[in-house]
Amino acid sequence: MNKKNITIIATGGTIAGRGSLGKSANYEAGTFDVEEIVKSIPQIRDLANLNTIQLYNVDSNDMGLDKWIELRKICHELEKDRYVDGIVITHGTDTLEETAFFLNLTLACHKPVVLTGSMRPATATSADGPMNLYQAVALACHMEAWQAGVLAVISDTIYSGRDLQKTNSYKTDAFKMGEFGSLGYMRDDHVYLLNAPFKKHTFQTIFSKMEFEDLPKVEIFYVHTDSDPELLKFMLGMYDGLVLAGTGSGNYPTKIKEVLENYTGECTVVRASRVLEGAVFDSEIFDSKRVTIPAYKFSAQKARILLMLALNCTKNHEIIKSFFQEY
């Protein structure tokens, strides 16, 4: 069987990190070139014909909208290239879920797009990056990864770009999909996909058909006891959209509720939750006047991304709410 042609786009992160030999802590992310990483995994070239692009070499905390847009453009170029069968993106784990979600909503791609990273730097004992990259390439070669939306492989597990979330700050098994479980698992280079994404993704979304160089500005207001209502007022005046990382099911203090109900500006507000699992729905108690949009299952950081894209289309409250239900 002819080998697939896979392009690896490197953006940096811990998978390209360097620290004290053998140690897994106190390292600098984004120091090794992707070709050095590939060379450290000789058997990876048995899986596919590989081409590499060193797009960035940064800590994932320095990824942002400008880099996402450039990454999206390159993925679209590779989608049109008939000699490319799949795409693998190496990325730092801190914000991997945000990049994956953005791409899952905006890529007009049918080909496999798989993100991966690592929790230990390349110089650590038992670094997890080589196996994660090996398995990401194997998944990108697999026919069931076609038209499956953006995927991610971390620690032998296959995740969807919509639902994965980093849940641990130091373990190699650092990601989960909460109550949804995962899409499947890897056993060396063997792919076992057990579930498929149900919500619209990639080429199915309205956002994948749009071209943009910038997006409306959206921030996150973190709710806690004694949240400052003056800070909320300031943020409402500064941004096009605001996501509330509320307590419980998207709740907040009475003083915050009063600010929201008295606000007459154009900033669109979404209610998310700071709680890892569960969902946020319409609330007769906390939002009886329906001034906010529930984030449903989305975390605050993912709700921010969807709200930026939604506001690029419309400011209509009900249409934006439908996007949160649809995607």
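R290 and E284 form a salt bridge in which the closest N and O atoms are 3.1 Å apart; a salt bridge here is a side-chain nitrogen of Lys or Arg within 4 Å of a carboxyl oxygen of Asp or Glu. The model is predicted, so local features need pLDDT of at least 70, side-chain atom pairs count only at pLDDT 80 or more, and totals for chains, interfaces and linings use all residues. Residues are numbered from 1 along each chain as its sequence is written, and side-chain values use heavy atoms, with hydrogens and water left out.

The side chains of R290 and E284 are also joined by a polar contact of 3.1 Å. That term stands for a pair of N or O atoms within 3.5 Å; within protein, one must be able to donate a hydrogen and the other to accept it, and residues adjacent in sequence count only if both atoms are side-chain atoms. The pair belongs to a network of salt bridges that links D282, E284, R290 and K321. R290 counts as partly exposed because its relative accessibility is 31%, whereas E284, at 57%, counts as exposed. The cut-offs are under 20% relative accessible area for buried and over 50% for exposed, with partly exposed in between (1.4 Å probe, protein chains only).

R290 sits in the loop between β15 and β16. Helices (H or I, at least four residues) and strands (E, at least two) are DSSP runs, numbered from the N terminus. The phi of R290 is positive, about 55°, although R290 is not a glycine. Leaving out residues up to four places away in sequence, R290 touches D282, S283, E284 and H317; contact means heavy atoms within 4.5 Å. One of these, H317, is 27 residues from R290 in sequence, and the C-alpha atoms of the two are 9.6 Å apart.

A positive phi turns up elsewhere too. D156, which is not a glycine either, has a phi near 70°. D156 is placed in the loop between β7 (150-154) and β8 (157-160). With a relative accessible area of 37%, D156 is partly exposed.

The whole structure holds twelve salt bridges. One of them pairs E266 with K315, with 3.3 Å between the closest N and O atoms. This pair links distant parts of the chain, since E266 is in the loop between α6 and β15 while K315 is in the loop between α7 (300-311) and α8 (317-326), 49 residues apart. Both E266 and K315 are exposed. Another salt bridge joins the side chains of D163 and R162, at 2.6 Å from N to O. R162 counts as buried because its relative accessibility is 14%.

Helix α6 covers residues 254-262, and I256, V259 and L260 are buried in this helix. They lie on the same side of α6 because they cover an arc of only 95° around the axis, the arc being that of the directions from the helix axis to the C-beta atoms. On the other side of α6, T254, K255 and N262 are exposed. The elements packed against by the buried residues of α6 are β13 (218-222), α5 (229-238), β14 (241-246), β15 (268-273) and β16 (292-294).

T11 lies in strand β1, residues 4-12. T11 counts as buried because its relative accessibility is 2%. Its side chain reaches the backbone oxygen of T90 at 2.6 Å. Apart from neighbours within four places in sequence, T11 is in contact with Y56, N57, V58, M63, I89, T90 and H91.

K67 belongs to helix α2, residues 65-80. K67 is buried, with a relative accessible area of 18%. Not counting residues up to four places away in sequence, K67 touches Y56, V58 and D62. K67 and K166 are 99 residues apart along the chain, and their C-alpha atoms are separated by 21 Å.

Y185 is located in strand β11, residues 184-187. Y185 is partly exposed, with a relative accessible area of 40%.
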